[in-house]
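Let's take a walk through this one together. Keep the viewer open and follow along.

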Amino acid sequence: METLLCLSVALFAGLMLSRVAKLLKLPAVTAYLVAGILVGPYVLGGLGISGLGFTSMENIDAYDIIPDVALGFIAFSIGNEFRLSQLKQIGKQATIIGIFQALLACILVDVALIGIHFIAPDKLSLPAAITLGAVATATAPAATLMVVRQYKAKGPLTDILLPIVALDDAVGLIAFAVSFGIAKALIVGSIDIISIIVEPLLEVVLSLVLGAVMGYLFTFFEKFFHSRSKRLAMSVTFVLLTVALSMLKFEIGGIHISFSSLLVCMMLGTVFCNICDFSEELMDRIDRWTAPLFILFFVISGAELELSIFKDLGIVCIGLVYIAARCIGKYFGASISAKATKCDPKIVKYLGITLFPQAGVALGMAIKAEELGPEGVIVANITLFAVLIY
(Lines give C-alpha, C1' and ligand atoms only; values in the text may rest on other atoms or scores of the structure.)
Protein backbone atom coordinates (compact mmCIF):
# COMPACT_ATOMS: atom_id res chain seq x y z
CA MET A 1 0.00 0.00 0.00
CA GLU A 2 2.75 2.45 0.99
CA THR A 3 4.57 1.94 -2.33
CA LEU A 4 1.45 2.62 -4.42
CA LEU A 5 0.49 5.60 -2.24
CA CYS A 6 3.97 7.10 -2.58
CA LEU A 7 3.96 6.69 -6.38
CA SER A 8 0.46 8.19 -6.68
CA VAL A 9 1.48 11.19 -4.53
CA ALA A 10 4.59 11.65 -6.72
CA LEU A 11 2.54 11.51 -9.94
CA PHE A 12 -0.13 13.85 -8.57
CA ALA A 13 2.45 16.39 -7.39
CA GLY A 14 4.22 16.33 -10.76
CA LEU A 15 0.99 16.75 -12.73
CA MET A 16 -0.37 19.60 -10.59
CA LEU A 17 2.92 21.52 -10.59
CA SER A 18 3.09 21.19 -14.37
CA ARG A 19 -0.05 23.39 -14.50
CA VAL A 20 1.79 26.04 -12.48
CA ALA A 21 4.81 25.72 -14.77
CA LYS A 22 2.57 26.26 -17.79
CA LEU A 23 1.33 29.55 -16.33
CA LEU A 24 4.95 30.61 -15.78
CA LYS A 25 5.83 29.46 -19.33
CA LEU A 26 8.35 26.94 -18.02
CA PRO A 27 8.87 23.38 -19.37
CA ALA A 28 6.96 20.62 -17.55
CA VAL A 29 10.29 18.91 -16.79
CA THR A 30 11.13 21.77 -14.41
CA ALA A 31 7.84 21.21 -12.58
CA TYR A 32 8.49 17.47 -12.22
CA LEU A 33 11.94 18.06 -10.70
CA VAL A 34 10.53 20.65 -8.26
CA ALA A 35 7.72 18.22 -7.38
CA GLY A 36 10.40 15.64 -6.58
CA ILE A 37 12.10 18.06 -4.18
CA LEU A 38 8.74 18.77 -2.49
CA VAL A 39 7.86 15.08 -1.95
CA GLY A 40 11.49 14.24 -1.15
CA PRO A 41 13.26 13.71 2.19
CA TYR A 42 13.85 17.43 2.77
CA VAL A 43 10.21 18.63 2.58
CA LEU A 44 7.12 16.36 2.65
CA GLY A 45 9.14 13.18 3.18
CA GLY A 46 10.85 14.86 6.13
CA LEU A 47 7.61 14.53 8.10
CA GLY A 48 8.34 10.80 8.31
CA ILE A 49 4.82 9.71 7.27
CA SER A 50 5.17 6.54 5.16
CA GLY A 51 3.46 6.80 1.78
CA LEU A 52 3.12 10.58 1.89
CA GLY A 53 6.50 11.12 0.26
CA PHE A 54 10.02 9.73 0.00
CA THR A 55 11.13 9.61 3.64
CA SER A 56 14.86 8.97 3.02
CA MET A 57 17.46 8.43 0.29
CA GLU A 58 17.30 4.70 1.07
CA ASN A 59 13.54 4.82 0.51
CA ILE A 60 14.11 6.41 -2.92
CA ASP A 61 16.62 3.67 -3.82
CA ALA A 62 13.77 1.13 -3.53
CA TYR A 63 12.26 2.67 -6.69
CA ASP A 64 15.44 2.28 -8.79
CA ILE A 65 13.66 0.11 -11.35
CA ILE A 66 11.56 3.10 -12.51
CA PRO A 67 14.52 5.32 -13.58
CA ASP A 68 16.21 2.29 -15.19
CA VAL A 69 13.15 1.44 -17.28
CA ALA A 70 12.38 5.10 -18.08
CA LEU A 71 15.93 5.71 -19.35
CA GLY A 72 15.57 2.58 -21.49
CA PHE A 73 12.44 3.96 -23.18
CA ILE A 74 14.02 7.42 -23.52
CA ALA A 75 17.10 5.95 -25.21
CA PHE A 76 14.83 3.81 -27.43
CA SER A 77 12.93 6.95 -28.51
CA ILE A 78 16.16 8.82 -29.28
CA GLY A 79 17.37 5.82 -31.31
CA ASN A 80 14.33 6.29 -33.52
CA GLU A 81 15.75 9.66 -34.58
CA PHE A 82 18.63 7.86 -36.36
CA ARG A 83 16.70 7.19 -39.56
CA LEU A 84 19.00 6.62 -42.54
CA SER A 85 17.07 9.12 -44.64
CA GLN A 86 17.82 11.83 -42.05
CA LEU A 87 21.37 10.71 -41.30
CA LYS A 88 22.34 11.08 -44.97
CA GLN A 89 21.59 14.80 -44.59
CA ILE A 90 22.88 15.52 -41.07
CA GLY A 91 25.03 12.50 -40.14
CA LYS A 92 28.41 14.13 -40.80
CA GLN A 93 27.43 17.42 -39.15
CA ALA A 94 25.94 15.68 -36.07
CA THR A 95 29.05 13.50 -35.63
CA ILE A 96 31.52 16.40 -35.83
CA ILE A 97 29.45 18.65 -33.55
CA GLY A 98 28.69 15.83 -31.07
CA ILE A 99 32.36 14.96 -30.60
CA PHE A 100 33.81 18.50 -30.69
CA GLN A 101 31.45 20.16 -28.19
CA ALA A 102 31.74 17.25 -25.72
CA LEU A 103 35.54 17.25 -25.79
CA LEU A 104 35.79 21.07 -25.57
CA ALA A 105 33.54 21.04 -22.47
CA CYS A 106 35.75 18.30 -20.97
CA ILE A 107 38.98 20.23 -21.66
CA LEU A 108 37.70 23.58 -20.33
CA VAL A 109 36.35 22.01 -17.12
CA ASP A 110 39.62 20.09 -16.64
CA VAL A 111 41.68 23.28 -17.09
CA ALA A 112 39.46 25.33 -14.73
CA LEU A 113 39.28 22.69 -11.99
CA ILE A 114 42.96 21.70 -12.18
CA GLY A 115 43.66 25.42 -11.69
CA ILE A 116 41.50 25.35 -8.54
CA HIS A 117 43.39 22.25 -7.38
CA PHE A 118 46.73 24.11 -7.52
CA ILE A 119 45.22 27.13 -5.71
CA ALA A 120 43.37 25.08 -3.03
CA PRO A 121 44.59 21.44 -3.08
CA ASP A 122 42.81 20.72 0.22
CA LYS A 123 39.42 21.55 -1.38
CA LEU A 124 39.74 19.69 -4.70
CA SER A 125 42.13 16.83 -5.49
CA LEU A 126 43.63 16.21 -8.94
CA PRO A 127 41.76 12.87 -9.46
CA ALA A 128 38.43 14.61 -8.64
CA ALA A 129 39.19 17.48 -11.07
CA ILE A 130 40.04 15.09 -13.92
CA THR A 131 36.93 12.97 -13.28
CA LEU A 132 34.64 16.03 -13.26
CA GLY A 133 36.01 17.05 -16.67
CA ALA A 134 34.69 13.77 -18.09
CA VAL A 135 31.33 14.13 -16.31
CA ALA A 136 30.98 17.51 -18.07
CA THR A 137 30.68 15.80 -21.47
CA ALA A 138 27.28 14.24 -20.71
CA THR A 139 23.98 15.87 -21.70
CA ALA A 140 20.61 14.74 -20.32
CA PRO A 141 18.73 12.97 -23.14
CA ALA A 142 15.58 12.72 -21.03
CA ALA A 143 15.19 16.45 -20.34
CA THR A 144 15.98 17.33 -23.95
CA LEU A 145 13.51 14.82 -25.39
CA MET A 146 10.70 15.82 -23.01
CA VAL A 147 11.05 19.55 -23.80
CA VAL A 148 11.09 18.86 -27.56
CA ARG A 149 7.93 16.77 -27.22
CA GLN A 150 6.10 19.19 -24.95
CA TYR A 151 6.44 22.07 -27.40
CA LYS A 152 6.02 19.79 -30.45
CA ALA A 153 9.21 21.39 -31.76
CA LYS A 154 10.12 20.50 -35.33
CA GLY A 155 12.80 22.00 -37.54
CA PRO A 156 16.51 21.93 -38.42
CA LEU A 157 17.56 22.46 -34.79
CA THR A 158 15.58 19.54 -33.32
CA ASP A 159 16.47 17.31 -36.29
CA ILE A 160 20.17 17.59 -35.47
CA LEU A 161 19.81 17.92 -31.69
CA LEU A 162 18.67 14.39 -30.76
CA PRO A 163 21.36 12.54 -32.76
CA ILE A 164 23.96 14.87 -31.18
CA VAL A 165 22.63 14.09 -27.67
CA ALA A 166 22.94 10.37 -28.44
CA LEU A 167 26.51 10.75 -29.77
CA ASP A 168 27.30 13.02 -26.85
CA ASP A 169 26.63 10.22 -24.37
CA ALA A 170 28.73 7.72 -26.35
CA VAL A 171 31.67 10.18 -26.31
CA GLY A 172 30.98 10.87 -22.63
CA LEU A 173 31.13 7.19 -21.69
CA ILE A 174 34.54 6.78 -23.35
CA ALA A 175 35.90 10.05 -21.90
CA PHE A 176 34.66 9.11 -18.42
CA ALA A 177 36.16 5.62 -18.56
CA VAL A 178 39.55 7.04 -19.59
CA SER A 179 39.48 9.88 -17.02
CA PHE A 180 38.23 7.55 -14.27
CA GLY A 181 41.07 5.13 -15.06
CA ILE A 182 43.64 7.96 -14.86
CA ALA A 183 42.11 9.17 -11.56
CA LYS A 184 42.36 5.67 -10.07
CA ALA A 185 45.95 5.38 -11.31
CA LEU A 186 46.84 8.68 -9.59
CA ILE A 187 45.37 7.42 -6.31
CA VAL A 188 46.84 3.91 -6.48
CA GLY A 189 50.07 4.92 -8.16
CA SER A 190 49.97 2.48 -11.10
CA ILE A 191 48.52 2.77 -14.64
CA ASP A 192 46.21 0.02 -15.94
CA ILE A 193 45.91 0.25 -19.75
CA ILE A 194 43.11 -2.35 -19.84
CA SER A 195 40.76 -0.35 -17.60
CA ILE A 196 41.67 2.99 -19.24
CA ILE A 197 41.43 2.05 -22.93
CA VAL A 198 40.32 -1.55 -23.61
CA GLU A 199 37.31 -1.84 -21.29
CA PRO A 200 35.59 1.45 -22.29
CA LEU A 201 35.98 0.71 -26.01
CA LEU A 202 34.65 -2.82 -25.46
CA GLU A 203 31.67 -1.41 -23.55
CA VAL A 204 30.70 0.86 -26.43
CA VAL A 205 31.22 -1.78 -29.17
CA LEU A 206 29.46 -4.61 -27.29
CA SER A 207 26.57 -2.30 -26.35
CA LEU A 208 26.01 -1.43 -30.02
CA VAL A 209 26.23 -5.12 -31.03
CA LEU A 210 23.76 -6.21 -28.34
CA GLY A 211 21.37 -3.39 -29.31
CA ALA A 212 21.56 -4.34 -33.01
CA VAL A 213 20.85 -8.03 -32.28
CA MET A 214 17.88 -7.13 -30.08
CA GLY A 215 16.62 -4.72 -32.78
CA TYR A 216 16.57 -7.46 -35.44
CA LEU A 217 14.86 -9.93 -33.05
CA PHE A 218 12.33 -7.24 -32.05
CA THR A 219 11.38 -6.54 -35.68
CA PHE A 220 11.17 -10.28 -36.45
CA PHE A 221 8.76 -11.06 -33.60
CA GLU A 222 6.74 -7.87 -34.10
CA LYS A 223 5.66 -9.12 -37.54
CA PHE A 224 3.73 -12.01 -35.98
CA PHE A 225 1.12 -9.54 -34.69
CA HIS A 226 -1.24 -7.21 -36.51
CA SER A 227 -3.34 -5.63 -33.76
CA ARG A 228 -2.03 -2.33 -32.39
CA SER A 229 -2.37 -3.39 -28.75
CA LYS A 230 -0.33 -6.58 -29.19
CA ARG A 231 2.36 -4.75 -31.16
CA LEU A 232 2.55 -2.21 -28.34
CA ALA A 233 2.82 -5.03 -25.78
CA MET A 234 5.65 -6.63 -27.78
CA SER A 235 7.46 -3.27 -27.96
CA VAL A 236 7.28 -2.85 -24.18
CA THR A 237 8.45 -6.45 -23.73
CA PHE A 238 11.55 -5.95 -25.86
CA VAL A 239 12.55 -2.63 -24.28
CA LEU A 240 12.25 -4.21 -20.80
CA LEU A 241 14.20 -7.28 -21.96
CA THR A 242 16.92 -5.10 -23.51
CA VAL A 243 17.26 -3.01 -20.32
CA ALA A 244 17.57 -6.23 -18.30
CA LEU A 245 20.24 -7.73 -20.60
CA SER A 246 22.23 -4.47 -20.60
CA MET A 247 22.66 -4.84 -16.81
CA LEU A 248 24.75 -8.01 -17.27
CA LYS A 249 28.33 -7.82 -15.98
CA PHE A 250 30.99 -10.52 -16.16
CA GLU A 251 34.74 -11.04 -16.44
CA ILE A 252 36.71 -12.77 -19.21
CA GLY A 253 40.48 -13.22 -18.83
CA GLY A 254 40.77 -10.36 -16.35
CA ILE A 255 38.78 -7.97 -18.56
CA HIS A 256 35.52 -6.66 -17.07
CA ILE A 257 32.67 -6.83 -19.59
CA SER A 258 29.68 -4.53 -19.11
CA PHE A 259 27.11 -2.68 -21.23
CA SER A 260 25.67 0.83 -21.36
CA SER A 261 21.88 0.53 -21.18
CA LEU A 262 21.59 3.90 -22.95
CA LEU A 263 23.67 2.83 -25.94
CA VAL A 264 22.02 -0.62 -26.12
CA CYS A 265 18.50 0.82 -26.12
CA MET A 266 19.48 3.58 -28.59
CA MET A 267 20.75 0.93 -30.98
CA LEU A 268 17.56 -1.11 -30.44
CA GLY A 269 15.50 1.91 -31.54
CA THR A 270 17.82 2.73 -34.45
CA VAL A 271 17.69 -0.77 -35.97
CA PHE A 272 13.93 -1.02 -35.39
CA CYS A 273 13.08 2.32 -37.04
CA ASN A 274 15.19 1.52 -40.11
CA ILE A 275 13.97 -2.01 -40.88
CA CYS A 276 10.37 -1.99 -39.64
CA ASP A 277 7.70 -0.60 -41.99
CA PHE A 278 5.29 0.50 -39.25
CA SER A 279 7.82 1.87 -36.73
CA GLU A 280 6.58 5.50 -36.85
CA GLU A 281 2.98 4.58 -36.03
CA LEU A 282 4.10 2.29 -33.21
CA MET A 283 6.44 4.89 -31.73
CA ASP A 284 3.54 7.34 -31.45
CA ARG A 285 1.62 4.80 -29.35
CA ILE A 286 4.65 4.02 -27.17
CA ASP A 287 5.13 7.75 -26.47
CA ARG A 288 1.59 7.97 -25.08
CA TRP A 289 2.02 4.83 -22.97
CA THR A 290 5.27 6.02 -21.38
CA ALA A 291 4.06 9.51 -20.33
CA PRO A 292 3.33 8.58 -16.64
CA LEU A 293 6.61 6.63 -16.47
CA PHE A 294 8.61 9.68 -17.58
CA ILE A 295 6.85 11.91 -15.03
CA LEU A 296 7.77 9.48 -12.25
CA PHE A 297 11.35 9.36 -13.54
CA PHE A 298 11.80 13.13 -13.20
CA VAL A 299 9.96 13.35 -9.86
CA ILE A 300 12.22 10.61 -8.43
CA SER A 301 15.26 12.38 -9.93
CA GLY A 302 14.19 15.58 -8.14
CA ALA A 303 13.71 13.70 -4.86
CA GLU A 304 17.25 12.30 -5.15
CA LEU A 305 18.84 15.75 -5.22
CA GLU A 306 20.91 16.23 -2.07
CA LEU A 307 19.96 19.74 -0.91
CA SER A 308 22.38 19.57 2.03
CA ILE A 309 25.26 20.23 -0.41
CA PHE A 310 24.32 23.93 -0.35
CA LYS A 311 25.66 24.06 3.22
CA ASP A 312 29.24 23.56 1.97
CA LEU A 313 30.45 26.88 0.50
CA GLY A 314 33.51 25.21 -1.04
CA ILE A 315 31.37 22.74 -2.99
CA VAL A 316 29.09 25.58 -4.15
CA CYS A 317 32.04 27.67 -5.43
CA ILE A 318 33.67 24.72 -7.22
CA GLY A 319 30.24 23.79 -8.61
CA LEU A 320 29.75 27.29 -10.03
CA VAL A 321 33.16 27.15 -11.75
CA TYR A 322 32.30 23.67 -13.11
CA ILE A 323 28.94 24.93 -14.47
CA ALA A 324 30.45 28.07 -16.05
CA ALA A 325 33.33 26.19 -17.73
CA ARG A 326 31.02 23.42 -18.98
CA CYS A 327 28.43 25.85 -20.39
CA ILE A 328 31.15 27.84 -22.20
CA GLY A 329 32.55 24.60 -23.65
CA LYS A 330 29.15 23.31 -24.76
CA TYR A 331 28.00 26.64 -26.21
CA PHE A 332 31.13 27.59 -28.14
CA GLY A 333 31.95 23.97 -29.02
CA ALA A 334 28.54 23.58 -30.66
CA SER A 335 28.64 27.04 -32.26
CA ILE A 336 32.14 26.71 -33.73
CA SER A 337 31.64 23.17 -35.07
CA ALA A 338 28.15 23.99 -36.42
CA LYS A 339 29.56 26.98 -38.28
CA ALA A 340 32.48 24.90 -39.60
CA THR A 341 30.09 22.24 -40.96
CA LYS A 342 27.90 24.94 -42.60
CA CYS A 343 24.77 24.35 -40.50
CA ASP A 344 21.68 26.55 -40.55
CA PRO A 345 22.31 29.92 -38.77
CA LYS A 346 19.64 29.04 -36.18
CA ILE A 347 21.56 25.86 -35.31
CA VAL A 348 24.80 27.86 -34.93
CA LYS A 349 23.03 30.34 -32.63
CA TYR A 350 20.89 28.08 -30.42
CA LEU A 351 22.30 24.53 -30.40
CA GLY A 352 24.80 25.16 -27.58
CA ILE A 353 22.09 26.22 -25.11
CA THR A 354 20.07 23.04 -25.71
CA LEU A 355 23.06 20.94 -24.59
CA PHE A 356 23.28 22.47 -21.09
CA PRO A 357 21.00 20.05 -19.13
CA GLN A 358 22.53 17.24 -17.09
CA ALA A 359 20.75 14.49 -15.18
CA GLY A 360 20.68 10.67 -15.41
CA VAL A 361 23.90 9.93 -17.32
CA ALA A 362 25.97 12.44 -15.34
CA LEU A 363 24.52 11.16 -12.05
CA GLY A 364 25.37 7.61 -13.13
CA MET A 365 28.97 8.69 -13.72
CA ALA A 366 29.00 10.45 -10.34
CA ILE A 367 27.81 7.31 -8.54
CA LYS A 368 30.56 5.30 -10.29
CA ALA A 369 33.09 7.97 -9.25
CA GLU A 370 32.30 7.30 -5.57
CA GLU A 371 34.54 4.23 -5.93
CA LEU A 372 37.47 6.69 -5.73
CA GLY A 373 36.72 7.24 -2.04
CA PRO A 374 36.67 10.78 -0.57
CA GLU A 375 37.60 12.24 -4.00
CA GLY A 376 34.61 10.45 -5.53
CA VAL A 377 32.23 11.86 -2.90
CA ILE A 378 33.31 15.40 -3.91
CA VAL A 379 32.66 14.53 -7.58
CA ALA A 380 29.17 13.23 -6.70
CA ASN A 381 28.28 16.33 -4.64
CA ILE A 382 29.44 18.80 -7.30
CA THR A 383 27.54 16.87 -9.99
CA LEU A 384 24.38 16.91 -7.84
CA PHE A 385 24.77 20.65 -7.32
CA ALA A 386 25.15 21.19 -11.07
CA VAL A 387 22.08 19.06 -11.86
CA LEU A 388 20.04 21.19 -9.46
CA ILE A 389 21.15 24.41 -11.20
CA TYR A 390 20.61 23.10 -14.73
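This is a predicted model: local features need pLDDT of at least 70, side-chain atom pairs count only at pLDDT 80 or more; totals for chains, interfaces and linings use all residues.

Strand E1 covers residues 249-252, strand E2 covers residues 255-258, and the two pair in the antiparallel sense over four bridges. Look across the pairing and you'll find isoleucine 252 standing opposite isoleucine 255 of E2. Together E1 and E2 make a hairpin, with two residues between them. One spot in that turn deserves a click: glycine 253 has a positive phi of about 55 degrees.

Now for the helices H10 and H11. H10 runs over residues 228-245 and H11 over residues 261-275; their axes come within 9 Å and cross at roughly 150 degrees. That crossing is right-handed. Which residues meet there? From H10 you get Phe238, Val239, Thr242 and Val243, and they meet Val264, Cys265 and Leu268 in H11. Sorted by class, that contact of H10 with H11 has six nonpolar residues, one polar and no charged ones.

Next, move on to another helix pair, H14 and H17. H14 spans residues 313-340 and H17 spans residues 374-389; they pack at an angle of about 65 degrees, with their axes 9 Å apart. Here too, H14 passes H17 in a right-handed crossing. On the H14 side, the contact is made by Ile315, Val316, Ile318, Gly319, Leu320, Tyr322 and Ile323. H17 brings Ile378, Asn381, Ile382, Phe385, Ala386 and Ile389 to that contact. By class, the contact of H14 with H17 divides into 11 nonpolar residues, two polar and no charged.

Finally, let's look for empty space. Rolling a probe the size of a water molecule over the atoms shows where such space is left. How many cavities of 30 Å³ or more does a search of the whole structure find? The search turns up one, and the largest cavity has a volume of about 30 Å³. To see what surrounds the largest cavity, select Gly36, Ile37, Gly40, Pro41, Tyr42, Gly302, Ala303, Leu305 and Leu307, which line it. Two helices, H2 (28-39) and H13 (291-304), each supply at least two residues of that lining.

How values were computed. Residues are numbered from 1 along each chain as its sequence is written. Side-chain values use heavy atoms; hydrogens and water are left out. Axes are lines fitted to C-alpha atoms, for helices over the stretch in contact, and angles run from 0 to 180 degrees between N-to-C directions. A crossing is left-handed if the near helix is turned anticlockwise from the far one by less than a right angle, and right-handed if clockwise. Contact means heavy atoms within 4.5 Å. Ala, Val, Leu, Ile, Met, Phe, Trp, Tyr, Cys and Pro count as nonpolar, Asp, Glu, Lys and Arg as charged, and the others, Gly among them, as polar. On a 1 Å grid over the protein atoms alone, a cavity is a set of points where a 1.4 Å probe fits but cannot get out, and a pocket is an open set with protein on both sides within 12 Å along at least five of seven lines; lining residues have an atom within 4 Å of a point. Grid points are joined across faces, edges and corners, and a volume is the space filled by probe spheres set on the points. Two strands pair if DSSP finds at least two bridges between them.
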